[in-house]
Amino acid sequence: MHSDRCPSLLNLPDELQIKILSNLSLTELMKVTMVCQKWKILAFDGSLWTSINITPFYKFIPIETILKIIKSSSRFLQQANFRGCIQLTGHELRMLSEHCPNIEVLIIKDCRRLSTASISYSLKRTIHLRELDISGLDIVKDSTLAAISSSLSNLEKLNMSWCRNITGNGIVPLIKASSSTLYYLKLNGCSQMDEETMESIAKYAPNLKHLSMVACISLTDQSLFSFFKHHSSHLIHLNLSNCSRLTDISLRNMALYLNKLSHLELAGCVSMTDQGFSYLSPRLQTLEYLDLEDLQHITETTVRSIANTQSQLRRLCLSNCTQINNEAITYLVLNGCHQLNHLELDNCNITDEVLDTIASHLQQQSRPNPNRHMKVEVLDCSHITASGVRAALSKSSSLTIKSFYSFQEEENRSIELNGEEDTDIAHRQSISDRYDTMTRRRRNTSSHADYNCIIL
């Protein structure tokens with residue numbers, strides 16, 4: 001039967017076969033090329049390559065295949081993601097700009113074999129770009145950005161994070177060129193974010209809605225104020241995590257200038273206190289996501305202020321806020337934030353009583369609000385016990401708890417299913433990854449950033 005079907009499929013018109021192949025993923029298309037000579041040709045029809053994502057196999061895809069895809073896709077290609085591709089060199093990037101003039105999305109993050117000249121040459125010719133990600137490339141300099149700025153006037157999303165050799169002198173001209181279209185900007189880890197630079201960003205990106213400046217250690221209250229003062233307040237997403245020089249002054253300025261913000265991340269801003277959040281919360285009541293991880297100075301006062309004012313809050317992270325106790329979380333759950341569905345409390349000073357309170361509250365809410373569900377993370381909480389976790393879970397089916405004991409139970413179930421004591425190491429690691437905390441991930445990132453700073 002197989003021999004009868006194959007010829008009939010291959011005898012279909014090429015247009016129909018290409019239509020069938022268009023439903024395959026990039027990986028599947030690569031496999032199809034090995035079936036027969038005809039499919040090897042049809043698989044590289046340009047209409048199949050409007051989007052390229054090398055990420056799943058960036059380490060081992062042959063450079064010859066990349067070149068063939070680039071040449072085949074031609075004017076059809078609109079999106080290209082080469083993130084971390086170690087084979088991609090300046091030659092391939094030049095070929096991309098010459099053969100694919102209609103590309104709109106280009107991601108070359110961490111492509112370490114590119115050169116400054118090849119980036120300048122290529123980006124000058126990709127004039128239809130709407131999204132550009134050049135993060136992690138030390139070869140990008142102020143001169144590079146200045147050279148390409150005149151060609152990139154339609155950018156909507158721009159990521160220049162961890163480009164350690166750029167300053168405001170290069171950033172501002174590129175932003176100015178896309179003044180009317182840019183709404184998403186990531187400058188994580190960038191240095192020399194002084195008052196003049198921040199004021200220019202505000203003026204030349206009036207439609208900015210998403211701004212991320214993680215670990216910009218030069219950012220001060222005054223330079224951030226320069227941005228707020230001159231911006232049109234369209235921001236809905238602001239990430240200032242690990243900007244350690246920011247204080248309560250910045251919280252006051254947020255309260256005065258930001259009235260549409262829904263997503264705020266301030267993890268690692270260690271100088272912020274109850275006083276700042278008590279001022280911010282009643283004046284900015286639009287938050288849906290708030291991350292206060294590692295803020296050691298905040299107490300029950302901040303939590304109460306959040307509970308009393310943030311009725312739209314859906315996710316709150318208080319991990320490693322060591323002064324947060326049972327009373328604070330009990331008040332939060334019972335007296336406010338009725339839309340809260342994700343609460344991170346890793347390494348907080350709480351006990352099983354909190355889990356019982358949350359479970360009881362969800363149980364009471366199940367009848368008027370049957371769709372209410374809450375996920376609580378309590379990893380590294382030394383006063384949380386296995387019996388407390390089990391009791392809370394048994395009380396409410398609307399509660400999910402991520403804890404050290406959850407990790408143990410899943411691992412034990414895996415051992416039982418495999419019928420052996422020595423579970424495969426890779427499987428253990430995959431379980432461990434699932435119970436990784438935001439704290440640990442951020443600490444790993446911060447350590448890497450610190451290491452980079454030491455190199456500088």
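The cover over the buried residues of helix α6 includes α5, β3 (105–107) and α7. The buried residues in α6 (residues 90–99) are Gly 90, Glu 92, Leu 93, Met 95, Leu 96 and Ser 97. Some terms before going on: buried is under 20% relative accessible area, exposed is over 50%, and partly exposed is in between, with a 1.4 Å probe and protein chains only. Contact is heavy atoms within 4.5 Å. Helices (H or I, at least four residues) and strands (E, at least two) are DSSP runs, numbered from the N terminus.

This is a predicted model, where local features need pLDDT of at least 70 and side-chain atom pairs count only at pLDDT 80 or more, while totals for chains, interfaces and linings use all residues. Residues are numbered from 1 along each chain as its sequence is written, and side-chain values use heavy atoms, with hydrogens and water left out.

**The whole chain**

There are 20 helices and 14 strands in the chain. Its length is 456 residues, and 51% of them count as buried. Take the contacts between residues at least 6 apart in sequence: 78% of these join residues at least 24 apart.

Ser 122 sits in helix α7 (residues 116–123). Which residues does Ser 122 touch, not counting those up to four places away in sequence? They are Leu 93, Arg 94 and Ser 97. Ser 97 is 25 residues away along the chain, yet its C-alpha atom and that of Ser 122 are separated by 5.2 Å. A polar atom of the Ser 122 side chain also lies 3.5 Å from the backbone nitrogen of Arg 94. With a relative accessible area of 2%, Ser 122 is buried.

**Asn 81 and its partners**

Asn 81 belongs to strand β2 (residues 79–81). Its side chain makes a polar contact with the side chain of Thr 55, at 3.3 Å. A polar contact is a pair of N or O atoms within 3.5 Å; within protein, one must be able to donate a hydrogen and the other to accept it, and residues adjacent in sequence count only if both atoms are side-chain atoms. Setting aside neighbours within four places in sequence, Asn 81 is in contact with Ile 52, Asn 53, Ile 54, Thr 55 and Ile 107.

**Buried residues in loops**

| Residue | Loop | Relative accessible area |
|---|---|---|
| Ser 161 | between β5 (157–159) and α9 (168–177) | 3% |
| Asn 320 | between β11 (315–317) and α15 (326–335) | 8% |
| Cys 337 | between α15 and β12 (342–344) | 3% |

Asn 320 has a phi near 65°, a positive value in a residue other than glycine. Cys 337 isn't a glycine either, and its phi is positive at about 50°. As for Ser 161, its contacts beyond four places in sequence are Ser 135, Gly 136, Lys 186, Leu 187 and Asn 188.

**Cysteines**

How many disulfides are there? The count comes to zero, a disulfide being a pair of cysteine sulfur atoms within 2.5 Å. Take Cys 321: its closest cysteine sulfur is in Cys 348, and because the gap is 5.7 Å, that is too far for a bond. Cys 321 is buried, with a relative accessible area of 0%. Cys 100 is also at 0% relative accessibility, so it counts as buried.

**Empty space**

Rolling a probe the size of a water molecule over the atoms shows where empty space is left. Here a 1 Å grid is laid over the protein atoms alone: a cavity is a set of points where a 1.4 Å probe fits but cannot get out, a pocket is an open set with protein on both sides within 12 Å along at least five of seven lines, and lining residues have an atom within 4 Å of a point. Grid points are joined across faces, edges and corners, and a volume is the space filled by probe spheres set on the points.

The second largest pocket has a volume of about 190 Å³. By class, the lining has six nonpolar, three polar and three charged residues. Ala, Val, Leu, Ile, Met, Phe, Trp, Tyr, Cys and Pro count as nonpolar, Asp, Glu, Lys and Arg as charged, and the others, Gly among them, as polar.

The structure holds one cavity of 30 Å³ or more. The largest cavity has a volume of about 30 Å³, and its lining is made of Leu 264, Phe 277, Leu 280, Ser 281, Leu 287, Leu 290, Ile 306 and Gln 310. That lining divides into six nonpolar, two polar and no charged residues.
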